[in-house]
Amino acid sequence: MIYEYQLRLLPQQAYTQDSIREYVAHEKGLDVRTINHVQVLKRSIDARQRTIIVNLSVRVFVNERPDKQDYQSISYPDVSQSPAAIVVGAGPGGLFAALRLIEQGVRPIVVERGKRVDERHRDLSLITKEQQINPESNYCFGEGGAGAYS
Ligand SMILES: Cc1cc2nc3c(=O)[nH]c(=O)nc-3n(C[C@H](O)[C@H](O)[C@H](O)COP(=O)(O)OP(=O)(O)OC[C@H]3O[C@@H](n4cnc5c(N)ncnc54)[C@H](O)[C@@H]3O)c2cc1C
């Protein structure tokens, strides 16, 4: 049988295929030996609270093997000489767009108005410690976008 589940796990439970498999077996009352494969369809992290939660959407193969077509290897060609496309913003959306462009053989040029992610720390501590907000570098603006601190 093939089942699909939405799961909310602690990061350590979502860390490896084996840990997810054990979690599914325990949570759904399945014998772990019958689970041949767990395919992660979607993964997101909810870091809004003190306890960080990993949301997973999974397909579980119980006494079944996944179809080989489920595994699509992605090749990343050398795009250094390819036509370019400009991506505005280095948040999760922009970085993902850049990755997809590479998959399509296009050379992405990502422009970002804020600071580098390692420099954003200083501006964030100014917000919390001195209530000073740099409009170009804060929780939302800068390399990584709002996703850098989500
Ligand atoms: C405090 C907070 C907590 C969050 N927590 C979570 C969480 O726990 N889990 C979760 O899944 N999501 C969370 N989110 C939401 C998540 O961060 C956003 O959904 C995600 O960052 C959106 O990605 P994005 O690339 O569309 O936009 P953004 O992350 O906003 O990125 C846009 C980028 O574009 C840049 N930019 C903007 N204008 C220009 C310009 N004119 N030129 C060049 N660059 C520009 C910005 O500097 C920024 O880097 C949180 C958001 C916030 C604010």
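Mentor: We'll take strands, helices and ring contacts in turn. Keep in mind that this is a predicted model.

Trainee: Okay, in what order do the 3 strands of the open sheet sit?

Mentor: The order is β1-β3-β2, and the pairing is antiparallel.

Trainee: Which strands stand at the edges?

Mentor: β1 (2-9) and β2 (35-46). Each has a single partner strand, so one side of each lacks a neighbour in the sheet.

Trainee: What does the twist average?

Mentor: It averages 20 degrees from one strand to the next.

Trainee: How many bridges join β2 to β3?

Mentor: There are 10, and β3 covers residues 53-62. Within that antiparallel pair, glutamine 39 is opposite arginine 59 of β3.

Trainee: What lies across β1, β2 and β3?

Mentor: Helix α1, residues 17-28. Relative to β2, α1 runs at about 100 degrees.

Trainee: Switching to β4 and β5: parallel or antiparallel?

Mentor: Parallel. Strand β4 (residues 84-88) and strand β5 (residues 107-111) are joined by 5 bridges. Valine 88 has valine 111 in β5 as its bridge partner.

Trainee: Now rings. How many aromatic pairs are there?

Mentor: There are 2 in the structure. One is tyrosine 3 with tyrosine 5, which is stacked. The centres are 5.9 Å apart, with 10 degrees between the planes.

Trainee: Are those two tyrosines buried or exposed?

Mentor: Tyrosine 5 is buried, because its relative accessible area is 15% and the cut-off for buried is under 20%. Tyrosine 3 has 29%, so it is partly exposed.

Trainee: And why is the pair of tyrosine 139 and tyrosine 149 edge-to-face?

Mentor: Their planes stand at 85 degrees, and over 60 counts as edge-to-face. The ring centres are 6.0 Å apart.

Trainee: Where do tyrosine 139 and tyrosine 149 lie in the chain?

Mentor: Both are in the segment after α3 (117-130). The pair therefore ties together parts that are 10 residues apart in sequence.

Trainee: What are the relative accessibility values for tyrosine 139 and tyrosine 149?

Mentor: Tyrosine 139 has 41% and counts as partly exposed. Tyrosine 149 has 28% and also counts as partly exposed.

Trainee: Last one. What sits over the ring of phenylalanine 141?

Mentor: The charged end of arginine 113. That end is 4.3 Å from the ring centre.

Methods: Residues numbered from 1 in each chain as written. Predicted model: local features only at pLDDT ≥ 70, side-chain atom pairs only at ≥ 80, totals over all residues. Heavy atoms only, no water. Pairing = 2+ DSSP bridges. Helix = DSSP H or I, 4+ residues; strand = E, 2+ residues; numbered from the N terminus. Axes fitted to C-alpha atoms, helices over the stretch in contact; angles between N-to-C directions. Contact = heavy atoms within 4.5 Å. Phe/Tyr/Trp six-rings, centres within 6.5 Å; stacked < 30°, edge-to-face > 60°. Buried < 20%, exposed > 50% of the residue type's maximum accessible area, 1.4 Å probe, protein only. Lys NZ or Arg CZ within 6 Å of the ring centre and 35° of its normal.
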